[in-house]
Amino acid sequence: MTARTATGEVELIEVGGGDRGPASAESRPGRGGDGGAAPLFPQRIYISGIVLALAAMLMFFMALASAYVVRKGLSGDWIPLGLPRILWLNTAVIIVSSLTIERARRLLAPQAAGLRGFRGWPRRWRGWWGLTTALGVAFLVGQLIAWQQLAAAGIYLATNPSSSFFYLITTAHGIHLLGGLVALSVVGFRSWPAEARVNHSTAVTVSAIYWHFLGALWVFLFLLLLVGR
Amino acid sequence: MATEAHPLVHEAPQGFVWKYIFSKDHKVIGIQYLLLAMVSVVIGMYLSVLMRFHLAWPNAKLPFSDDIMTSEHYLALMTMHGTIMVFFVLTTAPQSGFGNYFLPIQIGAADMAFPTLNMLSFWFTFVSLMVMVAAFFVTGGAPISGWTAYAPLSALGEIAGPGLGLGQTLWIFSLAIFCGASLMGSLNFITTTLDLRARGMSLMRMPLTVWAWFITAILMLLAFAVLLAAGVLLLLDRLAATSFFIPGGLVVSDQLIAHQGGSPLLWQHLLWFFGHPEVYIAILPGMGIVSHVISCFSRKPIFGYRAMVYALFAIALLGLMVWGHHMFVSGMSPYSAFAFSLLTMCIGVPSAIKTFNWIGTLWGGKIRFTTAMLFAIGFVSVFISGGLGGIFLAQPTVDIFLHDTYFVVGHFHLTMGVAAIFGMFAGTYFWFPKMFGRFMNESLGKLHFWISFIGIYAIFMPMHFIGLAGHPRRYADTTGVDFLAEMNPVHLFITIVALVTVGVQIVFFLNFFWSMRKGKKAEINPWHATTLEWTVSSPPPHDNFAGRPPTIYRGAYEYSVPGAPQDYSPQHVPEGVSAPVSDR
Ligand code: HEM
Ligand SMILES: [Cu+2]
C-alpha cells in the first residue's frame with residue numbers, strides 16, 4: 001500500500017485502517033486462499049453486483065405480483081385459470097436443480113481453498129454442473145409444454161386477465177432463466193482445470209446465487225398463480 | 001497473477017473511438033452524460049418556450065411558422081418537455097453525469113466497479129433519447145398523454161388522439177430502455193461505493209456527495225424496476241390486446257373499445273410508486289453537491305454530518321411510501337389518504353433537518369460568494385419555497401382543490417426542476433476547474449445566477465397564485481373561459497420573464513464552452529477544498545491516482561480545524577503534517 005506524504009514522496013506503509021475497502025490490486029496479498037495468488041476483491045464486487053441485480057429483479061416481479069393482486073381484486077371479469085398439471089413437475093425440476101447446483105458449488109469450494117486433492121474433482125464437478133444445466137433446459141421445455149396445453153384449450157394471452165398474467169409471468173421468469181442457462185453453459189464450457197480457479201469459483205458462486213434465486217422466485221410465482229387463482 | 005490483466009488496473013485506451021466514444025473511463029462517461037443532458041435541456045427548453053409563447057399569445061402564429069398551435073400540438077410539446085426534462089436532464093446530469101465523474105475519485109478508486117457495464121448504461125441512455133426524439137417524427141407525432149402517461153389514454157392507441165399511436169409506443173420503448181440503463185448504472189454506483197473505497201475511507205468519512213449518489217442509486221435500483229414492469233404491462237395493452245389498464249365500456253371517437261375490466265388506477269399506483277422516488281432521484285444528488293459546496297465556501301465543517309446522512313436515508317425510505325399523495329382525487333379511501341398524507345408530511349422532518357444544517361453551516365462562516373456558492377444558496381432557497389408548497393398539497397382536503405392546478409406546476413418546478421438544476425449549476429461552476437483545468441468566468445457566472453434566481457421566482461411564484469385561483473394545468477387555451485381569460489396578463493408576464501431567463505442560460509453555455517479553451521488556468525486545488533478529487537491533476541489521469549490509491553486519514557469536511565496550519569485539512573493528509581502535497 002502506498003501513500004503520499006507531506007514531502008510528496010511515495011512511501012510504502014503498512015495499512016490497518018479503512019473499514020474494509022482493499023484499495024489496490026497489486027499490493028494486496030491473496031486472501032482468497034488460492035495459493036496466495038488471486039485477490040479476493042474481484043469476487044466481492046461480483047457478489048455485490050449479483051445481489052443488487054437480484055434486488056432489482058425482485059422489485060420487478062413484485063410489481064407484477066402486486067399488479068396481479070390489484071387487477072384481480074378490482075375487477076369483475078376475472079376467470080380463475082386452471083393451471084396445467086405439468087407445472088408441478090416443472091416446479092419439482094427447478095427445486096432439484098437448485099440442489100444439484102449447490103452440490104457442484106460445494107465441490108468446488110474446498111478445491112478453491114486448496115483443502116482437498118485436485119484429482120478427480122473436475123469431472124464430478126462437471127457432472128453436477130451439467131446436470132443442473134440439463135434440468136434448467138427441462139424446466140423451460142416443461143413451461144413451453146404448459147403453454148402449448150393452454151393454447152390447445154383455446155386460452156391465449158388476451159383471453160382473460162388471469163391468462164394474461166400467466167403468460168406474462170412465466171415469460172418474464174423464463175427469460176431470466178434463459179439468461180441463467182447461458183451463464184451455466186459458459187461457466188461449464190470453461191470449466192477445464194487449468195483455468196484460473198478463483199475467478200472461476202467467483203463465476204460459479206455468482207451463477208449459483210442467481211440460480212437459487214430463480215428457483216425460489218418460481219416457487220413464489222407458482223404459489224401466487226395457484227393460490228391466488 | 002501480478003502480470004495478468006487485472007480487472008481494476010486499466011490500461012489507457014488508444015485511438016479516438018475508444019478514448020472518447022466507446023470509452024470505459026468513468027470520467028469520459030461522466031462527460032458524455034453531461035453533454036447528453038445539455039443537448040436534452042436545450043430541446044426541453046425550446047419546447048417550453050413554444051408552450052409559453054402560445055399561452056401568452058394564444059391567437060398568434062408561432063415564430064417561424066404559419067400555424068397557430070393546436071391544443072393537441074400543445075399537449076405533445078408538454079408531454080415531451082416533461083419527459084425529456086425529468087429523465088434525460090434531471091435524472092441524467094446530477095446522478096449519472098457528476099456521479100460518474102466524481103464518485104470514484106472521491107472514494108479513491110481507479111474507476112467504477114464494472115467499467116463495461118458503465119459504458120453500456122451510457123449507450124442505452126443515448127439510444128433511449130434517440131427513440132424518444134424519434135416520436136416527434138413519426139406519423140401522428142409525439143404522444144399527448146403527459147409525462148405520467150395516465151391510462152387509459154396512453155393505453156388505447158391511435159384512436160384516442162394524435163401521437164397516441166406509434167408516438168406513444170416509442171415513448172414507452174424509450175423509457176423501457178432508460179430503465180435498463182438506470183438499473184445498470186445504479187448497480188455500478190452501489191457496488192463501487194461499497195467495495196472500492198480506498199484505505200481509511202470509512203463510510204462516515206465519505207463526502208456527502210458520495211452519500212447522495214449512493215442513496216439515489218438505491219432508489220433508482222428499486223424504482224426503475226417497477227417502472228419497467230409498468231411499461232411492459234402498458235405495452236401489452238397496446239400491442240397484445242390485453243386489458244390491464246383499459247376498463248370495459250369505453251367509447252372513444254364513437255367507437256366501443258373491445259377491452260374490458262382493466263384498472264386505470266393500477267397504472268397510477270405503479271407509475272407513482274416509481275414517480276415519487278423519481279423526484280428524489282432528481283434532487284438528492286443536488287443536495288449532496290450543495291452540502292459539499294456550502295461547507296467548502298463557508299470554510300466550516302458541514303453542520304451535523306451524521307444527521308445529513310441519516311436525513312438522506314430517511315428521505316429515501318419515506319419517499320418509497322408516499323406515492324399515494326399524487327392520487328388523492330382518485331377516489332381512494334379517506335383512510336389511505338390520511339396515511340399517505342401523514343407519511344408525506346413526515347418527509348418534511350428530514351427535509352427540514354437538511355435545511356437547518358445548511359443554514360447552520362453558513363452561520364458564522366467565512367463565506368466566499370463564488371458563483372458555485374450562490375447557486376448552492378439559491379438551491380436552499382428554492383427548496384424551502386417549493387417544499388412549503390408541498391406541505392399544502394400534502395393535505396388531502398386542500399389537494400382536492402389544488403390538484404391539477406398550476407399550484408402543482410409551480411410546486412414541482414421549484415423543487416424538482418429549479419432546485420435540481422441549481423444543484424447542477426453549483427456542481428458545474430465548482431468542478432469545472434477539475435474537469436477542464438480552467439475556471440469558468442465568475443462575472444458572467446454571477447450575472448447568470450442573479451437573473452436566473454430572480455427569473456425563476458418570477459416565473460413559478462405567480463403559478464402558485466393562479467393555481468390558488470383555480471387555473472387548471474395542461475390547458476392549451478385559456479381564452480374561452482372567462483375566469484381564466486382574466487388571468488391572461490399573468491401568463492403574459494410569466495412568458496416574458498421566461499424568455500429573459502432562458503436567454504441568460506445562453507450566457508451560461510457560452511461561458512461553459514468558452515472557458516473550456518480560454519478560461520483562467522486553475523491549479524490542482526483552487527478552492528482549497530479537502531476531498532480527494534482536489535489531490536489529482538486537472539483533469540485527472542486515466543486511472544485517477546496513477547496506480548497509487550490514497551490512504552485517508554480524516555473526514556471529508558475538516559475546514560478551519562483549530563490548530564491546523566491552514567483552514568482546510570485534506571482527507572489524505574495525516575494528523576500533524578503541515579501541508580498537503582497537492583498544493584506545492
Ligand atoms: C416536504 C416536501 C414535499 C411535499 C410534502 C410534497 C407533496 C406533494 C404532493 C402532495 C403532490 C401532489 C399534488 C397533486 O398532484 O395534486 C406533489 C406533487 C409533486 N411534487 Fe412534491 N412534495 C414535496 C417536495 C417535493 C420535492 C423535493 C420534489 C422534487 C424534487 C417534488 C416533486 C413533485 C412533483 C414532480 C410533483 C408533481 C408531479 C405531477 O403531477 O406531474 N416535491 N408534491
Ligand atoms: Cu410525490
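Colleague: How much area is buried between domain 1 of chain B and domain 2 of chain B?
Modeller: This is a predicted model. Chain B is divided into domain 1 (16-245), domain 2 (289-516) and domain 3 (522-584). The C-alpha centres of domain 1 of chain B and domain 2 of chain B lie 20 Å apart. Carbon and sulfur atoms give 78% of the buried area, which is about 3,800 Å².

Colleague: Which helix of chain B gives the most to the shell around ligand 1?
Modeller: The shell has 21 residues. By class, twelve are nonpolar, seven are polar and two are charged. Helices α7 (264-298), α10 (371-393) and α12 (406-436) of chain B each supply at least two of the shell residues. The one that gives the most, with five residues, is α12(B).

Colleague: How far is the polar side-chain atom of B:D399 from an oxygen atom of ligand 1?
Modeller: B:D399 is listed with the closest residues, together with B:W147, B:H403, B:H411 and B:R473. For B:H403, an N or O atom in the side chain is 2.6 Å from an oxygen atom of ligand 1. For B:D399, the distance from a polar side-chain atom to an oxygen atom of ligand 1 is 2.5 Å.

Colleague: Which residue is the only protein donor of the iron atom of ligand 1?
Modeller: Look in helix α12 of chain B, where the residue is found. A polar side-chain atom of this residue also lies 2.9 Å from a nitrogen atom of ligand 1. Its NE2 atom is 2.1 Å from the iron. The donor is B:H411.

Colleague: Which residues coordinate the copper ion (ligand 2)?
Modeller: In sequence, the donor residues are spaced H-x48-H-H. Two of them sit in distant parts of the chain, 50 residues apart: one in helix α7 of chain B, the other in the loop between α8 (305-319) and α9 (334-362) of chain B. The donor distances are 1.9 to 2.0 Å. The residues are B:H276 (ND1), B:H325 (NE2) and B:H326 (NE2).

Colleague: What distance separates the copper ion (ligand 2) from the iron atom of ligand 1?
Modeller: The iron has B:H411 as its only protein donor. The copper ion is coordinated by B:H276, B:H325 and B:H326. From the copper ion to the iron atom, the separation is 4.6 Å.

Key. Residues are numbered from 1 along each chain as its sequence is written. Chains are lettered from A and ligands numbered from 1 in the order in which they are written. This is a predicted model: local features need pLDDT of at least 70, side-chain atom pairs count only at pLDDT 80 or more; totals for chains, interfaces and linings use all residues. Side-chain values use heavy atoms; hydrogens and water are left out. A residue is near a molecule or strand if one of its heavy atoms lies within 4 Å of it. A polar contact is a pair of N or O atoms within 3.5 Å; within protein, one must be able to donate a hydrogen and the other to accept it, and residues adjacent in sequence count only if both atoms are side-chain atoms. Helices (H or I, at least four residues) and strands (E, at least two) are DSSP runs, numbered from the N terminus. Ala, Val, Leu, Ile, Met, Phe, Trp, Tyr, Cys and Pro count as nonpolar, Asp, Glu, Lys and Arg as charged, and the others, Gly among them, as polar. Donors are N, O and S atoms within 2.8 Å of the metal (3.2 Å for Na, K and Ca); water is not among the atoms, so sites may look incomplete. Domain bounds come from an automatic or database domain assignment. Buried area is the accessible area (1.4 Å probe) that two parts lose on being put together, summed over both.
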